[in-house]
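Please read this report alongside the sequence and the model.

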Amino acid sequence: MINEDTIYLLRECNAGTQMAVYSIGEILENVKDQKLRDILTSSKNHHEQLGNELHILLQKYGDTTKDPGVIAKGMSWIKTNAKLAIDDSDRVCADLITDGCHMGTKTMQRHINQYLAADREARGKAEELIRMEELLACELKPFL
């Protein structure tokens, strides 16, 4: 039998991937530099792929996906649009996504620490998401 911590951690991972896909999608329409666009598109695709894997795992365990919180999504939208209204440069786009990466990394680590009884596979998916966020933040440094 699968334990609750595993389900909770998988739900949080899934919500994290959805938030990343949403945030990157919001930013992409403002990106001018092709290399930055390619980096963000690739990361969005990787997040979608991980999200699909998480969805399959949750279905396997008889559970459903968790959407990102309405407040978190709304705050992200407000911050993104306010900053881009002032300056829609690629630097601002990279800065916004980098902030999201740092928030995602902190949040996922908090969930790993919270759901200690989660199985190895769920913990592995959470750690994979953290690595994806850290990699994206590093790839964006030249654009800051």
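Predicted model: local features only at pLDDT ≥ 70, side-chain atom pairs only at ≥ 80, totals over all residues.

Residues are numbered from 1 along each chain as its sequence is written, and side-chain values use heavy atoms, with hydrogens and water left out.

**Overall fold**

The protein chain contains 5 helices and 0 strands, where helices (H or I, at least four residues) and strands (E, at least two) are DSSP runs numbered from the N terminus. Read from the N terminus, the order of elements is α-α-α-α-α. The radius of gyration is 15 Å, close to the 15 Å that the globule rule gives for 144 residues, so the chain is as compact as a globular protein of that length; this radius is taken over C-alpha atoms, and the rule is 2.2 Å times the number of residues to the power 0.38. Along the principal axes, the C-alpha trace spans about 50 × 25 × 25 Å.

Of the 144 residues, 40% are buried (buried means under 20% relative accessible area, exposed over 50%, and partly exposed in between, with a 1.4 Å probe and protein chains only). Among contacts with a separation of 6 or more, 80% are between residues 24 or more positions apart, a contact being heavy atoms within 4.5 Å. The accessible surface of the chain is about 8000 Å², and carbon and sulfur atoms account for 55% of it; the areas come from the Shrake-Rupley method with a 1.4 Å probe.

The table sets out the two helices, with the expected span being 1.5 Å times one less than the number of residues.

| Helix | Length | End-to-end C-alpha distance | Expected span |
|---|---|---|---|
| α4 | 25 residues | 36 Å | 36 Å |

In α3, the buried residues are S76, T80 and L84. Seen down the axis of α3, these buried residues fall within an arc of 45°, so they line one face of the helix; the arc is that of the directions from the helix axis to the C-beta atoms. The face turned away from this buried side carries the exposed residues V70, I71, M75, A85 and I86. The packing partners of the buried residues of α3 are α1 (4–28) and α4 (90–114).

Helix α4 has buried residues that include D90, C93, L96, C101 and H111, and their cover includes α1, α2 (34–60), α3 and α5.

**K79 in helix α3**

K79 lies in helix α3 and is partly exposed, at a relative accessible area of 37%. Leaving aside neighbours within four places in sequence, K79 is in contact with L96 and D99. The C-alpha atoms of K79 and L96 are 8.4 Å apart, although the two residues are separated by 17 residues in sequence.

**The aromatic pair**

How many aromatic pairs does the structure hold? It holds 1 aromatic pair. Y8 and Y115 form this tilted pair, with 5.6 Å from centre to centre and 45° between the planes. Rings of Phe, Tyr and Trp (its six-membered ring) pair if their centres lie within 6.5 Å, and planes under 30 degrees apart count as stacked, over 60 as edge-to-face and the rest as tilted. The pair links distant parts of the chain, with Y8 in helix α1 and Y115 in the loop between α4 and α5 (120–140), 107 residues apart. Y8 is partly exposed at 31% relative accessibility, whereas Y115 is buried, with a relative accessible area of 12%.
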